[in-house]
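I open this notebook to record what I looked up in one structure. The entries go from the whole chain to its cores and then to its sheet.

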Amino acid sequence: MILIGRSKWVPPRRWKLWSLPRPALSYVLGVEAVAVTITALAVAFTLSGDHPGVRPSEWAAFAVLAVASVLHLESARGIERRREMAANTSPYTNLKSLWVFAGLLLLPLSLVIALVVVSYSYSWIRVYGRTIAHRKVFSASTFILASAGAAAVLRGGGLLTEPRVPTSAWTLLVVVAAASTWWLLNFALVIGAILLSSPDASARGALGNLSEQLVVVAGLGLGVAVAGLQASYPWIVPILMVTVLTLHRDLLLPQFQRAAGTDVKTGLATPSYWASAVPVELARAETLRSTVGLLMLDLDRFKEINDTYGHPAGDRALRAVGESVRAEVRQGDIVARVGGDELAVLLPGASETEVLEIAERIRERLTTLTVSVDTVSNASAVITGVPASFGAAVYPAVAGTMDQLVLAADNALLTAKRAGRNKIVSARPNPPIVGDLSESPTPDAA
(Lines give C-alpha, C1' and ligand atoms only; values in the text may rest on other atoms or scores of the structure.)
Protein backbone atom coordinates (compact mmCIF):
# COMPACT_ATOMS: atom_id res chain seq x y z
CA MET A 1 0.00 0.00 0.00
CA ILE A 2 3.05 2.23 0.04
CA LEU A 3 3.65 2.34 -3.70
CA ILE A 4 1.62 3.09 -6.80
CA GLY A 5 4.24 1.91 -9.21
CA ARG A 6 7.42 -0.08 -8.94
CA SER A 7 9.62 2.96 -8.30
CA LYS A 8 7.40 5.82 -7.20
CA TRP A 9 7.05 6.57 -3.50
CA VAL A 10 3.68 7.91 -2.42
CA PRO A 11 3.15 9.43 1.05
CA PRO A 12 0.68 7.43 3.18
CA ARG A 13 -1.92 10.22 3.19
CA ARG A 14 -2.10 10.00 -0.64
CA TRP A 15 -2.55 6.24 -0.90
CA LYS A 16 -5.40 5.27 -3.24
CA LEU A 17 -6.56 2.97 -0.47
CA TRP A 18 -8.15 5.90 1.39
CA SER A 19 -10.28 6.80 -1.64
CA LEU A 20 -12.30 3.59 -1.26
CA PRO A 21 -15.86 3.91 0.05
CA ARG A 22 -15.93 3.43 3.82
CA PRO A 23 -17.55 -0.06 3.72
CA ALA A 24 -14.97 -1.20 1.15
CA LEU A 25 -12.10 0.27 3.16
CA SER A 26 -13.24 -1.52 6.33
CA TYR A 27 -13.67 -4.76 4.38
CA VAL A 28 -10.22 -4.60 2.74
CA LEU A 29 -8.44 -3.72 5.98
CA GLY A 30 -10.37 -6.44 7.80
CA VAL A 31 -9.37 -9.13 5.30
CA GLU A 32 -5.75 -8.01 5.43
CA ALA A 33 -5.79 -8.01 9.26
CA VAL A 34 -7.10 -11.58 9.29
CA ALA A 35 -4.38 -12.60 6.80
CA VAL A 36 -1.70 -11.07 9.02
CA THR A 37 -3.14 -12.90 12.05
CA ILE A 38 -3.19 -16.22 10.19
CA THR A 39 0.41 -15.66 9.11
CA ALA A 40 1.53 -14.98 12.67
CA LEU A 41 -0.28 -18.05 14.01
CA ALA A 42 1.11 -20.28 11.24
CA VAL A 43 4.68 -19.15 11.92
CA ALA A 44 4.20 -19.55 15.67
CA PHE A 45 2.85 -23.08 15.19
CA THR A 46 5.79 -24.04 12.97
CA LEU A 47 8.28 -22.76 15.55
CA SER A 48 6.47 -24.24 18.56
CA GLY A 49 7.76 -27.25 20.45
CA ASP A 50 4.67 -29.26 19.40
CA HIS A 51 5.77 -29.11 15.76
CA PRO A 52 8.90 -30.77 14.40
CA GLY A 53 9.73 -27.66 12.38
CA VAL A 54 10.36 -27.56 8.68
CA ARG A 55 12.00 -30.72 7.37
CA PRO A 56 14.78 -30.57 4.73
CA SER A 57 12.46 -32.26 2.21
CA GLU A 58 9.91 -29.50 2.75
CA TRP A 59 12.53 -26.79 2.23
CA ALA A 60 13.50 -28.56 -1.01
CA ALA A 61 9.85 -28.74 -2.13
CA PHE A 62 9.40 -25.06 -1.26
CA ALA A 63 12.45 -24.13 -3.33
CA VAL A 64 11.20 -26.15 -6.32
CA LEU A 65 7.71 -24.60 -6.18
CA ALA A 66 9.07 -21.06 -5.67
CA VAL A 67 11.43 -21.38 -8.66
CA ALA A 68 8.70 -22.97 -10.80
CA SER A 69 6.26 -20.19 -9.87
CA VAL A 70 8.80 -17.50 -10.78
CA LEU A 71 9.67 -19.19 -14.08
CA HIS A 72 5.98 -19.55 -14.89
CA LEU A 73 5.30 -15.87 -14.16
CA GLU A 74 8.31 -14.77 -16.20
CA SER A 75 7.34 -16.94 -19.18
CA ALA A 76 3.75 -15.66 -19.13
CA ARG A 77 4.65 -12.09 -18.14
CA GLY A 78 3.27 -10.42 -21.28
CA ILE A 79 0.08 -12.48 -21.16
CA GLU A 80 -0.63 -11.70 -17.52
CA ARG A 81 0.04 -7.99 -17.91
CA ARG A 82 -2.40 -7.63 -20.82
CA ARG A 83 -5.03 -9.74 -19.07
CA GLU A 84 -4.88 -7.75 -15.87
CA MET A 85 -5.18 -4.50 -17.79
CA ALA A 86 -8.23 -5.88 -19.60
CA ALA A 87 -9.91 -6.82 -16.31
CA ASN A 88 -12.31 -4.11 -15.16
CA THR A 89 -14.95 -4.69 -12.49
CA SER A 90 -14.71 -8.47 -12.52
CA PRO A 91 -12.32 -10.96 -10.92
CA TYR A 92 -8.87 -11.25 -12.46
CA THR A 93 -8.14 -14.97 -12.77
CA ASN A 94 -4.63 -16.42 -12.99
CA LEU A 95 -2.69 -19.63 -12.49
CA LYS A 96 -0.87 -18.69 -9.28
CA SER A 97 -3.32 -21.06 -7.61
CA LEU A 98 -1.46 -23.98 -9.25
CA TRP A 99 1.72 -23.53 -7.19
CA VAL A 100 -0.06 -22.40 -4.04
CA PHE A 101 -2.35 -25.43 -3.93
CA ALA A 102 0.55 -27.76 -4.71
CA GLY A 103 2.27 -26.15 -1.74
CA LEU A 104 -0.77 -26.82 0.47
CA LEU A 105 -0.38 -30.55 -0.19
CA LEU A 106 3.38 -30.58 0.39
CA LEU A 107 4.22 -27.84 2.90
CA PRO A 108 3.19 -26.48 6.29
CA LEU A 109 0.93 -23.43 6.09
CA SER A 110 3.75 -21.04 7.04
CA LEU A 111 5.71 -22.01 3.91
CA VAL A 112 2.56 -21.84 1.77
CA ILE A 113 2.14 -18.23 2.92
CA ALA A 114 5.81 -17.61 2.09
CA LEU A 115 5.13 -19.02 -1.39
CA VAL A 116 2.22 -16.58 -1.82
CA VAL A 117 4.50 -13.69 -0.81
CA VAL A 118 7.22 -14.81 -3.26
CA SER A 119 4.68 -15.12 -6.09
CA TYR A 120 3.04 -11.73 -5.55
CA SER A 121 6.34 -9.97 -4.88
CA TYR A 122 7.79 -11.22 -8.15
CA SER A 123 4.58 -10.31 -9.95
CA TRP A 124 4.84 -6.82 -8.52
CA ILE A 125 8.41 -6.41 -9.71
CA ARG A 126 8.19 -8.06 -13.13
CA VAL A 127 4.60 -8.61 -14.24
CA TYR A 128 2.12 -5.92 -13.28
CA GLY A 129 4.24 -2.80 -13.68
CA ARG A 130 2.53 0.38 -12.51
CA THR A 131 -0.57 -0.60 -10.57
CA ILE A 132 -2.46 0.19 -7.38
CA ALA A 133 -0.61 -1.50 -4.51
CA HIS A 134 -3.52 -2.06 -2.13
CA ARG A 135 -5.24 -4.27 -4.70
CA LYS A 136 -2.24 -6.61 -4.84
CA VAL A 137 -1.89 -6.68 -1.06
CA PHE A 138 -5.58 -7.54 -0.82
CA SER A 139 -5.26 -10.26 -3.51
CA ALA A 140 -2.35 -11.84 -1.66
CA SER A 141 -4.45 -11.70 1.54
CA THR A 142 -7.32 -13.56 -0.15
CA PHE A 143 -4.85 -16.27 -1.19
CA ILE A 144 -3.73 -16.61 2.43
CA LEU A 145 -7.30 -16.84 3.76
CA ALA A 146 -8.27 -19.34 1.05
CA SER A 147 -5.18 -21.42 1.82
CA ALA A 148 -5.98 -21.42 5.54
CA GLY A 149 -9.53 -22.57 4.82
CA ALA A 150 -8.34 -25.35 2.51
CA ALA A 151 -5.72 -26.44 5.05
CA ALA A 152 -8.47 -26.71 7.69
CA VAL A 153 -10.48 -28.97 5.35
CA LEU A 154 -7.43 -31.18 4.75
CA ARG A 155 -6.82 -31.54 8.49
CA GLY A 156 -10.52 -32.09 9.17
CA GLY A 157 -10.49 -34.91 6.60
CA GLY A 158 -7.65 -36.66 8.40
CA LEU A 159 -4.73 -35.52 6.21
CA LEU A 160 -2.63 -34.21 9.09
CA THR A 161 0.91 -34.56 7.83
CA GLU A 162 2.64 -33.63 4.62
CA PRO A 163 2.68 -34.77 1.86
CA ARG A 164 -1.10 -34.90 1.63
CA VAL A 165 -1.56 -36.16 -1.93
CA PRO A 166 -4.59 -38.39 -2.54
CA THR A 167 -3.86 -42.13 -2.29
CA SER A 168 -7.42 -43.46 -1.89
CA ALA A 169 -11.02 -42.59 -2.75
CA TRP A 170 -11.48 -40.87 0.63
CA THR A 171 -8.31 -38.81 0.48
CA LEU A 172 -9.17 -37.81 -3.10
CA LEU A 173 -12.58 -36.61 -1.87
CA VAL A 174 -10.90 -34.61 0.90
CA VAL A 175 -8.45 -32.99 -1.54
CA VAL A 176 -11.29 -32.09 -3.93
CA ALA A 177 -13.23 -30.57 -1.01
CA ALA A 178 -10.14 -28.56 -0.03
CA ALA A 179 -9.69 -27.32 -3.60
CA SER A 180 -13.37 -26.34 -3.77
CA THR A 181 -13.04 -24.49 -0.46
CA TRP A 182 -9.95 -22.65 -1.71
CA TRP A 183 -11.72 -21.53 -4.90
CA LEU A 184 -14.96 -20.53 -3.16
CA LEU A 185 -13.26 -18.50 -0.41
CA ASN A 186 -10.96 -16.65 -2.79
CA PHE A 187 -13.76 -15.95 -5.28
CA ALA A 188 -16.22 -14.76 -2.60
CA LEU A 189 -13.65 -12.44 -0.98
CA VAL A 190 -12.82 -10.82 -4.32
CA ILE A 191 -16.49 -10.43 -5.31
CA GLY A 192 -17.21 -8.78 -1.96
CA ALA A 193 -14.44 -6.24 -2.53
CA ILE A 194 -15.67 -5.44 -6.05
CA LEU A 195 -19.27 -4.87 -4.94
CA LEU A 196 -18.28 -2.68 -1.98
CA SER A 197 -15.73 -0.68 -3.99
CA SER A 198 -18.14 -0.02 -6.89
CA PRO A 199 -21.62 0.68 -5.48
CA ASP A 200 -23.02 1.05 -9.00
CA ALA A 201 -21.70 -2.35 -10.11
CA SER A 202 -24.26 -5.13 -10.46
CA ALA A 203 -23.76 -8.54 -8.90
CA ARG A 204 -23.90 -10.08 -12.35
CA GLY A 205 -21.19 -7.79 -13.61
CA ALA A 206 -19.02 -8.41 -10.55
CA LEU A 207 -19.21 -12.17 -11.06
CA GLY A 208 -17.73 -11.69 -14.52
CA ASN A 209 -17.71 -14.52 -17.01
CA LEU A 210 -17.88 -17.66 -14.90
CA SER A 211 -16.25 -19.65 -17.69
CA GLU A 212 -13.04 -17.78 -16.86
CA GLN A 213 -13.00 -19.55 -13.51
CA LEU A 214 -11.95 -22.62 -15.50
CA VAL A 215 -8.47 -21.10 -15.32
CA VAL A 216 -8.53 -21.38 -11.53
CA VAL A 217 -10.11 -24.87 -11.60
CA ALA A 218 -7.42 -26.02 -14.04
CA GLY A 219 -4.76 -24.49 -11.81
CA LEU A 220 -6.03 -26.34 -8.74
CA GLY A 221 -6.16 -29.62 -10.65
CA LEU A 222 -2.65 -29.16 -11.97
CA GLY A 223 -1.56 -28.29 -8.44
CA VAL A 224 -2.64 -31.76 -7.27
CA ALA A 225 -0.67 -33.33 -10.15
CA VAL A 226 2.43 -31.24 -9.38
CA ALA A 227 2.24 -32.19 -5.69
CA GLY A 228 1.96 -35.89 -6.51
CA LEU A 229 4.92 -35.78 -8.86
CA GLN A 230 7.01 -33.67 -6.50
CA ALA A 231 6.36 -36.14 -3.68
CA SER A 232 7.27 -39.24 -5.72
CA TYR A 233 9.08 -38.24 -8.92
CA PRO A 234 10.44 -34.71 -8.47
CA TRP A 235 12.53 -34.78 -11.65
CA ILE A 236 9.35 -34.95 -13.76
CA VAL A 237 8.16 -31.56 -12.48
CA PRO A 238 10.33 -29.57 -14.97
CA ILE A 239 8.77 -31.57 -17.82
CA LEU A 240 5.30 -30.76 -16.51
CA MET A 241 6.22 -27.07 -16.70
CA VAL A 242 6.03 -27.24 -20.51
CA THR A 243 2.49 -28.61 -20.25
CA VAL A 244 1.54 -25.89 -17.77
CA LEU A 245 2.72 -23.08 -20.05
CA THR A 246 0.96 -24.60 -23.07
CA LEU A 247 -2.31 -24.99 -21.17
CA HIS A 248 -1.92 -21.46 -19.83
CA ARG A 249 -1.94 -20.03 -23.33
CA ASP A 250 -4.76 -22.29 -24.54
CA LEU A 251 -6.97 -21.51 -21.52
CA LEU A 252 -6.45 -17.79 -22.00
CA LEU A 253 -7.17 -17.73 -25.74
CA PRO A 254 -10.92 -17.12 -25.22
CA GLN A 255 -10.04 -14.31 -22.80
CA PHE A 256 -7.77 -12.72 -25.40
CA GLN A 257 -10.56 -12.92 -27.94
CA ARG A 258 -12.99 -11.27 -25.52
CA ALA A 259 -10.45 -8.60 -24.61
CA ALA A 260 -9.90 -7.79 -28.29
CA GLY A 261 -13.64 -7.26 -28.68
CA THR A 262 -14.14 -5.26 -25.47
CA ASP A 263 -14.41 -1.48 -25.25
CA VAL A 264 -11.95 -0.32 -22.57
CA LYS A 265 -14.17 2.50 -21.25
CA THR A 266 -17.37 0.52 -20.79
CA GLY A 267 -16.51 -3.17 -20.88
CA LEU A 268 -19.08 -3.57 -23.68
CA ALA A 269 -18.43 -5.09 -27.09
CA THR A 270 -16.57 -2.99 -29.64
CA PRO A 271 -18.16 -1.89 -32.94
CA SER A 272 -16.03 -4.37 -34.91
CA TYR A 273 -16.99 -7.28 -32.68
CA TRP A 274 -20.65 -6.31 -32.82
CA ALA A 275 -20.58 -5.90 -36.61
CA SER A 276 -19.17 -9.41 -36.98
CA ALA A 277 -21.77 -10.87 -34.60
CA VAL A 278 -24.85 -9.45 -36.33
CA PRO A 279 -24.58 -11.37 -39.64
CA VAL A 280 -23.81 -14.56 -37.73
CA GLU A 281 -27.01 -14.20 -35.69
CA LEU A 282 -29.04 -13.31 -38.77
CA ALA A 283 -27.77 -16.41 -40.60
CA ARG A 284 -28.61 -18.55 -37.59
CA ALA A 285 -32.09 -17.03 -37.39
CA GLU A 286 -32.65 -17.74 -41.07
CA THR A 287 -31.67 -21.38 -40.60
CA LEU A 288 -33.85 -21.78 -37.52
CA ARG A 289 -36.67 -19.63 -38.92
CA SER A 290 -36.31 -17.45 -35.85
CA THR A 291 -36.04 -13.72 -35.15
CA VAL A 292 -33.35 -11.25 -34.12
CA GLY A 293 -34.16 -8.06 -32.24
CA LEU A 294 -32.05 -4.92 -32.38
CA LEU A 295 -32.09 -1.95 -30.03
CA MET A 296 -30.21 1.25 -30.77
CA LEU A 297 -30.05 3.75 -27.92
CA ASP A 298 -28.54 7.20 -27.71
CA LEU A 299 -27.98 9.04 -24.41
CA ASP A 300 -29.98 12.27 -24.30
CA ARG A 301 -27.86 14.25 -21.82
CA PHE A 302 -24.36 12.94 -22.40
CA LYS A 303 -22.93 16.19 -23.82
CA GLU A 304 -24.31 18.09 -20.81
CA ILE A 305 -22.52 15.69 -18.46
CA ASN A 306 -19.20 16.18 -20.27
CA ASP A 307 -19.61 19.96 -20.39
CA THR A 308 -20.69 20.27 -16.74
CA TYR A 309 -18.51 17.72 -14.95
CA GLY A 310 -15.69 16.96 -17.40
CA HIS A 311 -14.85 14.03 -19.64
CA PRO A 312 -13.66 11.68 -16.84
CA ALA A 313 -17.10 12.07 -15.25
CA GLY A 314 -18.65 11.37 -18.63
CA ASP A 315 -16.60 8.19 -18.93
CA ARG A 316 -17.78 7.13 -15.47
CA ALA A 317 -21.41 7.78 -16.39
CA LEU A 318 -20.99 5.88 -19.65
CA ARG A 319 -19.56 2.91 -17.80
CA ALA A 320 -22.48 2.96 -15.34
CA VAL A 321 -24.91 3.07 -18.27
CA GLY A 322 -23.22 0.06 -19.84
CA GLU A 323 -23.47 -1.90 -16.59
CA SER A 324 -27.15 -0.96 -16.26
CA VAL A 325 -27.95 -2.07 -19.80
CA ARG A 326 -26.18 -5.39 -19.32
CA ALA A 327 -28.10 -5.95 -16.09
CA GLU A 328 -31.45 -5.75 -17.93
CA VAL A 329 -30.74 -7.89 -21.00
CA ARG A 330 -30.85 -11.66 -21.22
CA GLN A 331 -28.02 -14.16 -21.07
CA GLY A 332 -26.54 -14.37 -24.57
CA ASP A 333 -27.61 -10.90 -25.70
CA ILE A 334 -24.79 -8.70 -27.01
CA VAL A 335 -24.42 -5.12 -25.80
CA ALA A 336 -21.98 -2.94 -27.74
CA ARG A 337 -20.79 0.63 -27.75
CA VAL A 338 -21.07 1.60 -31.40
CA GLY A 339 -20.42 5.35 -31.07
CA GLY A 340 -19.46 8.01 -28.56
CA ASP A 341 -22.68 7.77 -26.52
CA GLU A 342 -24.59 5.32 -28.70
CA LEU A 343 -25.14 1.70 -27.68
CA ALA A 344 -26.60 -1.25 -29.55
CA VAL A 345 -28.20 -4.40 -28.15
CA LEU A 346 -28.54 -7.54 -30.25
CA LEU A 347 -31.28 -9.87 -28.99
CA PRO A 348 -31.27 -13.27 -30.76
CA GLY A 349 -34.65 -15.00 -30.83
CA ALA A 350 -36.53 -12.00 -29.41
CA SER A 351 -39.97 -11.01 -30.66
CA GLU A 352 -41.03 -7.37 -30.99
CA THR A 353 -42.89 -7.62 -27.68
CA GLU A 354 -39.80 -8.95 -25.90
CA VAL A 355 -37.57 -6.28 -27.47
CA LEU A 356 -39.91 -3.51 -26.33
CA GLU A 357 -40.19 -4.97 -22.82
CA ILE A 358 -36.39 -5.06 -22.48
CA ALA A 359 -36.15 -1.53 -23.89
CA GLU A 360 -38.66 -0.26 -21.34
CA ARG A 361 -36.77 -1.88 -18.47
CA ILE A 362 -33.55 -0.26 -19.64
CA ARG A 363 -35.25 3.10 -20.15
CA GLU A 364 -36.72 3.09 -16.64
CA ARG A 365 -33.42 2.05 -15.08
CA LEU A 366 -31.45 4.77 -16.88
CA THR A 367 -34.03 7.41 -15.96
CA THR A 368 -33.45 6.72 -12.26
CA LEU A 369 -29.73 5.88 -12.48
CA THR A 370 -27.49 7.74 -10.01
CA VAL A 371 -23.75 7.99 -10.65
CA SER A 372 -21.16 9.42 -8.25
CA VAL A 373 -18.43 11.29 -10.14
CA ASP A 374 -15.46 13.54 -9.50
CA THR A 375 -15.70 16.92 -11.23
CA VAL A 376 -12.97 18.96 -12.91
CA SER A 377 -12.53 20.90 -9.65
CA ASN A 378 -11.87 17.63 -7.74
CA ALA A 379 -15.24 17.93 -5.99
CA SER A 380 -17.70 15.06 -5.76
CA ALA A 381 -21.07 15.19 -7.50
CA VAL A 382 -23.99 12.86 -8.11
CA ILE A 383 -25.59 12.60 -11.54
CA THR A 384 -29.25 11.65 -11.25
CA GLY A 385 -30.83 10.18 -14.35
CA VAL A 386 -29.07 9.44 -17.64
CA PRO A 387 -32.06 9.10 -19.98
CA ALA A 388 -31.84 7.68 -23.49
CA SER A 389 -33.87 7.43 -26.67
CA PHE A 390 -34.47 4.01 -28.23
CA GLY A 391 -35.02 2.66 -31.71
CA ALA A 392 -36.13 -0.98 -32.09
CA ALA A 393 -36.25 -3.28 -35.11
CA VAL A 394 -36.84 -7.00 -35.56
CA TYR A 395 -35.57 -9.36 -38.25
CA PRO A 396 -37.18 -10.51 -40.51
CA ALA A 397 -40.37 -8.51 -39.89
CA VAL A 398 -38.90 -5.13 -40.88
CA ALA A 399 -35.59 -6.05 -42.55
CA GLY A 400 -33.98 -8.89 -44.44
CA THR A 401 -30.30 -7.89 -44.16
CA MET A 402 -27.95 -6.45 -41.56
CA ASP A 403 -27.81 -3.04 -43.25
CA GLN A 404 -31.60 -2.87 -43.48
CA LEU A 405 -31.98 -3.88 -39.83
CA VAL A 406 -29.53 -1.26 -38.59
CA LEU A 407 -31.08 1.42 -40.82
CA ALA A 408 -34.58 0.61 -39.56
CA ALA A 409 -33.46 0.81 -35.91
CA ASP A 410 -31.53 4.03 -36.58
CA ASN A 411 -34.54 5.67 -38.23
CA ALA A 412 -36.72 4.64 -35.29
CA LEU A 413 -34.13 6.13 -32.92
CA LEU A 414 -34.21 9.45 -34.80
CA THR A 415 -38.00 9.44 -34.57
CA ALA A 416 -37.78 8.90 -30.80
CA LYS A 417 -35.39 11.84 -30.39
CA ARG A 418 -37.55 14.13 -32.53
CA ALA A 419 -40.60 13.12 -30.49
CA GLY A 420 -39.11 14.56 -27.30
CA ARG A 421 -36.37 12.08 -26.25
CA ASN A 422 -36.47 9.44 -23.51
CA LYS A 423 -38.88 7.45 -25.70
CA ILE A 424 -38.98 4.09 -27.44
CA VAL A 425 -39.99 3.81 -31.10
CA SER A 426 -40.31 0.52 -32.94
CA ALA A 427 -39.68 0.32 -36.68
CA ARG A 428 -42.67 -0.79 -38.70
CA PRO A 429 -42.57 -3.12 -41.72
CA ASN A 430 -42.40 -1.27 -45.01
CA PRO A 431 -45.67 -1.76 -46.94
CA PRO A 432 -45.37 -3.11 -50.46
CA ILE A 433 -45.38 -0.49 -53.24
CA VAL A 434 -48.63 -0.63 -55.23
CA GLY A 435 -49.02 1.45 -58.36
CA ASP A 436 -52.07 3.70 -58.94
CA LEU A 437 -53.65 2.30 -62.10
CA SER A 438 -55.72 5.44 -62.61
CA GLU A 439 -52.53 7.41 -63.25
CA SER A 440 -50.92 4.82 -65.53
CA PRO A 441 -50.83 5.55 -69.27
CA THR A 442 -53.50 3.96 -71.38
CA PRO A 443 -52.15 1.01 -73.33
CA ASP A 444 -51.74 1.62 -77.01
CA ALA A 445 -54.30 0.01 -79.21
CA ALA A 446 -53.17 -2.99 -81.09
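**Entry 1. The whole chain.** I began with burial: 47% of the 446 residues of the protein chain count as buried. The model is a predicted one. I then looked up the secondary structure and found 15 helices and seven strands in the protein chain. For the surface, I noted that the protein chain exposes about 22,100 Å², and that carbon and sulfur atoms supply 62% of this area. Among contacts in the protein chain with a separation of 6 or more, 75% are between residues 24 or more positions apart.

**Entry 2. The nonpolar cores.** I asked which residues have the most contacts inside the largest nonpolar core. They are L65, F101, L107 and W182, in a core of 52 residues. I listed the helices that each supply at least two residues of this core: α1 (22-47), α2 (56-75), α4 (96-106), α5 (109-127), α6 (133-156), α7 (169-197) and α9 (214-232). The largest share, ten residues, comes from α6. Another core lies apart from this one and has 34 residues, including F302, V373, I383 and A388.

**Entry 3. Contacts of L65.** I returned to L65, one of the residues with the most contacts inside the largest core. With neighbours within four places in sequence left aside, L65 is in contact with W99, A102, G103, L106, L107, L115 and V226. As a general point, I recall that nonpolar side chains tend to be buried together in soluble globular proteins.

**Entry 4. T142.** I next took up T142, which lies in helix α6. Is T142 buried or exposed? Its relative accessible area is 1%, so T142 is buried, the cut-off being under 20%. Not counting residues up to four places away in sequence, T142 touches N186, L189 and V190.

**Entry 5. The sheet.** I traced an open sheet of five strands, in the order β2-β3-β1-β6-β7, with mixed pairing. Its edge strands are β2 (334-337) and β7 (424-426), each of which pairs on one side only. Direction ignored, neighbouring strands of this sheet are turned by 20° against each other on average.

Key
Residues are numbered from 1 along each chain as its sequence is written. This is a predicted model: local features need pLDDT of at least 70, side-chain atom pairs count only at pLDDT 80 or more; totals for chains, interfaces and linings use all residues. Side-chain values use heavy atoms; hydrogens and water are left out. A nonpolar core is a set of buried Ala, Val, Leu, Ile, Met, Phe, Trp, Tyr and Cys residues joined through side-chain atoms within 4.5 Å. Buried means under 20% relative accessible area, exposed over 50%, partly exposed in between (1.4 Å probe, protein chains only). Helices (H or I, at least four residues) and strands (E, at least two) are DSSP runs, numbered from the N terminus. Contact means heavy atoms within 4.5 Å. Two strands pair if DSSP finds at least two bridges between them. Axes are lines fitted to C-alpha atoms, for helices over the stretch in contact, and angles run from 0 to 180 degrees between N-to-C directions. Accessible areas come from the Shrake-Rupley method with a 1.4 Å probe; for residues, only the protein chains shown count as cover.
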